Every structure is written in C-alpha cells, then in structure tokens.
Amino acid sequence: MQQTSTHLGSTMTTNQRWVMASTAAGFSLENMDIMFLSFALAPIIAELHISSTAAGWIGSITNLGMLAGGAIFGLVGDRIGRVKTFTYTIFIFAFATAAMFFAHTLPMIYTMRFLAGIGAGGEYGVGIALIAENFQPGLIGRLTSVAAIGGQVGAIFAAVMAAYIIPAFGWNALFLIGVIPVILTFFIRRHVHESSEFLTAHAHAVKTHEKIAVSRLFATPALALQTLGLMVMTIVQIAGYFGLMNWLPSIVQKQQGLSVSGSSLWMVATIIGMSIGMMVFGTIMDSFGPRWAFGIFLLGSAVVMFTILMVKSAIALILAGALIGFFSNGMFGGYGAVISRLYPTAIRSTANSIIMNVGRAIGGFSSVVIGLLMDRYSLAVTMGCLSALYILSFLVMEALPGMRKLTH
C-alpha cells in the first residue's frame, strides 16, 4: 500500500491524485445518469403513453442491472485488475446511456437501462477498491466520502442540463451527454496504475490457485453473517435515500400544503447537507472508528425522520431536507471503507460490488413501499417505519464482530 500522511492536506503522489479524480468522476457520472432518468421519467410517460407502474420498472430494471454488473465486474476486477475493469465498466455505462437517444419503445428503454446498470454496478466496487489499496486505512473513510461527494456534483450537473436540454431538444437528447465518460477512460488507462498491494495479492492468488468467487463471502458461518449483516445495512441505506429523495417534497406538499416540490433550492440544500454529512462522517470514522460514525448517523437518521412532521413553511422544508440529507446519506461512503477493511484484497472488489448492489437492488423498491404506506396510513406511521429501519441497521451494525475490531 502506498504510504502517505494521515492528513488529507498532505501531498499525494500523482497516481493517488488520479485515483481520487477518476473514482470521484466515475461516481459523479453514475449519479448524473440516475438523475437524468429521474428528470426524463415524466416526458417518457407522456410520450410513450405508459402507466406509472411500467415507468417505475425502468428504475427497478436499472437496479437489477447494477446487481448483475456488480457480480460480474466485481469478480473481473479481482481477477484481471482494478484499472482495466474500471475502464470496461465506464465504456458499457457510457454507450448504454448514450444509446437512450435512440430508444423510442419501452423494450428498448428497458434494455438500455439494464446495460447501463451493469456498467454502473461494476464501477462502484472497483473504484472503492482502488481507493482502499492506494491509501492508508486512516484516510479511507474521508477519501471514500470525497469520492461519494462526486456523485452529488453529478446530480447538480444533471439538474442543470435537464432544465436546458429537455424543453429544447426532448428527453432523448439529454442522455447523449452519457458518451462523455468515454474520454475519461483514456486518462485512466494512461495515468492510473495498479497498487503494489493488489499486484502482490494477485500474484499470490495465481501462484496458489486461490479461488476468486462470490462463495468466498459466505465461506464460514461467521463470514456469512457478516456479509448478510452488511447487506441489511446497505439495503436500509439505499431504501432511505431513494425513498426520501423521491417522496420527501411530495409528502410535504400533500401533508402541509406547500408548493416547493419542484424547487431547485430544495434540491441544492439537500445535496449540500448530504455532502457536509459525508465529510463529517468520514472524519469521525477515521478518528474514532466506524462503530462511532455509523452509530451517530444511524441513530441521528432515526430521529430526524420526524422533523418532517413539524415542517410548516418552505424555509423549514429546505432546512429539513438538508438535515435529513446530512444524516441519511452522509454514511454512503462509509460502507465501501468498511467492506474494504473487512475482506481480503483478493476479493475486495467482489465484496464491495455484491454487498452494495444487493442493497441497491432491494432497497431501490422503497419508493413503491413508501407509496403504499402513504396510501394506507398517516405520514407519522410512514416516518416511523423509516425510523425503525435505521434502528434495525444500528442493531445489526452493533452485532457484527468485524465492526468491533475496526477501532480507527
């Protein structure tokens, strides 16, 4: 592992800078694509005259593609290297996104979204592994959070592009921007190199015929419980994020009579809250360990769910969005940091990809579940269910022996 000081401001090597730049850019482009779909969904429904259920499956199929991509490219990343695999996933992701320009039927949209999901799902595990293997453990929490903030930059960029492109050129044209990441692959191949940690582990795996397979995540009862526990935590993470971000403005507009659901100011405030939360979480994790960081943010998320019940004005909604974003999504970068330290280098990419993308595939259905809860029960009950999920995640985290071993 390349050595550097435990202070973020310290000088990085050229390769370390390229690792951070490329992973942050990759996560930014991935989130940009997800937001493109969010902004394009209404025009797609209107143009193709499809039901809300059929439209909802577009996002779900994307998440299933991520799970497939995570399984495939997580293993590929452990077998042939992080850098090559990272560029392959970006190529698939970029071309499938750009191909949405030519998608004028629902089957074509489903196909392209599944392929885009495959690329995006493979990208996460490989990118996190690159960070973990190029920096000291005392920096991983903050650096994975920095990379995750790149995703929020992508969300803002998507909002700006959607505002200009969709009214002028239609929803299909928005996805043409997806071809831009192909340029990134050239710089990654030229400037980013495999870490000595991976090269050593890979050489040993080849020499000893070490098995690189998903089954290694469940090789022993203790390891299986750890893997399943982390999957539960990522399911809660994704469920809370997608559920809240999709429903929060609509919930308040309906329950409190406000009309700021389309406000760009609300979205920007929420993203700023998320970004600050990520940096605070990463700092706590690197300084005091993941149990403290996750404990504070999971319990904090359970509490702030109820702030939405007290919202009576547009300003209060903006502040509530920022606060909820701070806690509920501040943890995102921490999962990759923890997984990277709990699993050996030989299967690190696989572990990150499988665990996080199981969370995406299952947690991504939270929007449907929250909708059902809103139809049948009160807002207080809905927020109570979300709060209970975060408490469940906290209890699972406390029960994982591996977490107790990661003191800093």
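Predicted model: local features only at pLDDT ≥ 70, side-chain atom pairs only at ≥ 80, totals over all residues.
**Exercise 1. Glu133 and its partners**

Find out whether Glu133 is buried or exposed, and then work out which residues join it in one network of salt bridges.

*Solution.* 

Step 1. Look at accessibility. Glu133 has a relative accessibility of 1%. Buried means under 20%, so Glu133 counts as buried.

Step 2. Pick up one of the partners. Glu133 makes a salt bridge with Arg82, and their closest N and O atoms sit 2.6 Å apart. Glu133 belongs to helix 4 and Arg82 to helix 3, so this pair links distant parts of the chain, 51 residues apart. Arg82 is buried too, with a relative accessible area of 0%.

Step 3. Move on to Arg348. This residue also forms a salt bridge with Glu133, with 3.0 Å between the closest N and O atoms. Here the link runs from helix 14, where Arg348 sits, to Glu133 in helix 4, and the two are 215 residues apart. Arg348 and Glu133 are both buried.

Step 4. Salt bridges with shared partners connect Asp78, Arg82, Glu133, Glu197 and Arg348 in one network.

Why can such pairs form at all? Side chains of opposite charge can pair when their charged atoms come close.

**Exercise 2. A bridge between helix 1 and helix 4**

How many salt bridges does a search of the whole structure find? Take the one between Arg113 and Asp33, and work out which helices the two residues lie in.

*Solution.* 

Step 1. Get the count. The search of the whole structure turns up nine salt bridges.

Step 2. Check the distance. The closest N and O atoms of Arg113 and Asp33 are 2.7 Å apart.

Step 3. Arg113 is in helix 4 (residues 106-134), while Asp33 is in helix 1 (residues 14-48), so the pair ties together parts that are 80 residues apart in sequence.

Step 4. Check burial. Both Arg113 and Asp33 are buried.

**Exercise 3. Helix 3 and its surroundings**

Describe how helix 2 and helix 3 pack, then find what Thr87 is in contact with, leaving aside its neighbours within four places in sequence.

*Solution.* 

Step 1. Take the geometry. Helix 2 (residues 52-80) and helix 3 (residues 82-98) have axes 7 Å apart, and they pack at an angle of about 145 degrees.

Step 2. List who meets whom. From helix 2 come Phe73, Val76, Gly77, Asp78 and Ile80; from helix 3 come Arg82, Lys84, Thr85, Tyr88, Thr89 and Ile92.

Step 3. Sort them by class. The contact has five nonpolar, three polar and three charged residues.

Step 4. Turn to Thr87, which is also in helix 3. Its relative accessible area is 2%, so Thr87 is buried. With the sequence neighbours set aside, Thr87 is in contact with Thr185, Ile188 and Arg189.

**Exercise 4. The second largest pocket**

Which helix gives the largest share of the lining of the second largest pocket? Also sort the lining by class.

*Solution.* 

Step 1. Note the volume. The second largest pocket holds about 180 Å³ of space.

Step 2. See which helices take part. Helix 9 (221-256), helix 14 (348-363), helix 15 (366-376) and helix 16 (379-399) each bring at least two residues to the lining.

Step 3. Find the main contributor. Helix 15 supplies the largest share, four residues.

Step 4. Sort by class. The lining has 10 nonpolar and two polar residues, and no charged ones. Among them are Ile235, Phe365, Ser366, Cys385 and Leu389.

Technical notes. Residues numbered from 1 in each chain as written. Heavy atoms only, no water. 1 Å grid on protein atoms, 1.4 Å probe; cavity = no way out; pocket = protein on both sides within 12 Å on 5 of 7 lines; lining within 4 Å. Points joined across faces, edges and corners; volume = space filled by probe spheres on them. Nonpolar A, V, L, I, M, F, W, Y, C, P; charged D, E, K, R; others polar. Axes fitted to C-alpha atoms, helices over the stretch in contact; angles between N-to-C directions. Contact = heavy atoms within 4.5 Å. Buried < 20%, exposed > 50% of the residue type's maximum accessible area, 1.4 Å probe, protein only. Salt bridge = Lys/Arg side-chain N within 4 Å of Asp/Glu carboxyl O.
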